[in-house]
Amino acid sequence: MDDRGARGFGGLHLGSASLLTLFSVLCLTVLSALSLMSAKNELLLARRAADATAQYYAADAAATAIYEAVLRGDTQGLTATPLAEDGTAFRYSVPMGDTQQLEVELNRDLQIVSWRAVYTAEWRPSEGIDVWDGIIPEVQ
């Protein structure tokens, strides 16, 4: 006679090795999904950084060309603003995308006083922080 029939236990028998394998597969599946999401976010961030870098260096090249024209004395057709009251001879800017521009200031000796990226979009402060006021809302 069969030994299993005498005990009266039937059905699925999972051993510790099967449970460990199932748990390992589940963990690896979750880990691979998290890795895929992380890789996608890193790719998006890398593309944004590459775009910002390309915009900066394009603006830098244009600003350098304007600076070289000013050094040659060729200021005709430039959008540089001559200033006298603060000791700055020229100030000009080159756009860097939608929200930034590269601003350059030169002194009377045509030496670079400032060469900086400036945020030009309108700044909108947040209206406030949603802080819990101690009242528990009613659940309907």
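Modeller: Let us begin with one pairing in this predicted model: Val 118, which lies in E4, is the bridge partner of Gln 101.

Colleague: Which residue of E4 is the bridge partner of Val 104?

Modeller: The bridge partner of Val 104 in E4 is Trp 115.

Colleague: How do you know that E3 and E4 count as paired strands?

Modeller: Pairing asks for at least two bridges between the strands, and seven bridges join E3 to E4, so these two strands count as paired. They run antiparallel.

Colleague: Where do these strands come in the protein as a whole?

Modeller: The protein has two helices and four strands, and along the sequence they follow the pattern α-α-β-β-β-β.

Colleague: What makes E3 largely enclosed by the rest of the structure?

Modeller: Six of the eight residues of E3 are buried, and therefore this strand is largely enclosed by the rest of the structure. For the protein as a whole, buried residues make up 16% of the 140 residues.

Colleague: What makes the contact between Arg 91 and Glu 105 a salt bridge?

Modeller: Their closest N and O atoms are 3.0 Å apart, and the rule asks for a side-chain nitrogen of Lys or Arg within 4 Å of a carboxyl oxygen of Asp or Glu, so the pair of Arg 91 and Glu 105 meets it. The pair links distant parts of the chain, with Arg 91 in strand E2 (residues 88-96) and Glu 105 in strand E3 (residues 100-107), 14 residues apart. Arg 91 has a relative accessibility of 31% and counts as partly exposed, because this value falls between the limits of 20% and 50%.

Colleague: How many salt bridges does this rule give?

Modeller: The count comes to two salt bridges. In one of them, the side chains of Arg 116 and Glu 103 meet at 3.4 Å, N to O. This pair also links distant parts of the chain, since Arg 116 is in strand E4 (residues 112-119) and Glu 103 is in strand E3, 13 residues apart. Arg 116, at 41%, is partly exposed, whereas Glu 103, at 18%, counts as buried.

Colleague: Why is the pair of Tyr 56 and Tyr 57 called edge-to-face?

Modeller: A search of the whole structure finds one aromatic pair. Its members are Tyr 56 and Tyr 57, with 5.3 Å centre to centre and 80° between the planes.

Colleague: Which residues have the most contacts inside the largest nonpolar core?

Modeller: That core has 14 residues, and those with the most contacts inside it are Ala 63, Val 70, Phe 90, Tyr 92 and Leu 106. H2, E2 and E3 each supply at least two residues of this core.

Colleague: And how do you know whether Leu 26 is buried or exposed?

Modeller: Leu 26, which lies in helix H2 (residues 16-72), has a relative accessible area of 52%, and values over 50% are called exposed, so Leu 26 is exposed. Together with Val 30, Leu 34 and Met 37, Leu 26 makes a nonpolar surface patch of about 400 Å².

Technical notes: Residues are numbered from 1 along each chain as its sequence is written. This is a predicted model: local features need pLDDT of at least 70, side-chain atom pairs count only at pLDDT 80 or more; totals for chains, interfaces and linings use all residues. Side-chain values use heavy atoms; hydrogens and water are left out. Patches are made of residues with over 30% relative accessible area and no salt bridge: like charges are joined within 9 Å, nonpolar side chains (Val, Leu, Ile, Met, Phe, Trp, Tyr) within 5 Å. Accessible areas come from the Shrake-Rupley method with a 1.4 Å probe; for residues, only the protein chains shown count as cover. Buried means under 20% relative accessible area, exposed over 50%, partly exposed in between (1.4 Å probe, protein chains only). Rings of Phe, Tyr and Trp (its six-membered ring) pair if their centres lie within 6.5 Å; planes under 30 degrees apart count as stacked, over 60 as edge-to-face and the rest as tilted. A nonpolar core is a set of buried Ala, Val, Leu, Ile, Met, Phe, Trp, Tyr and Cys residues joined through side-chain atoms within 4.5 Å.
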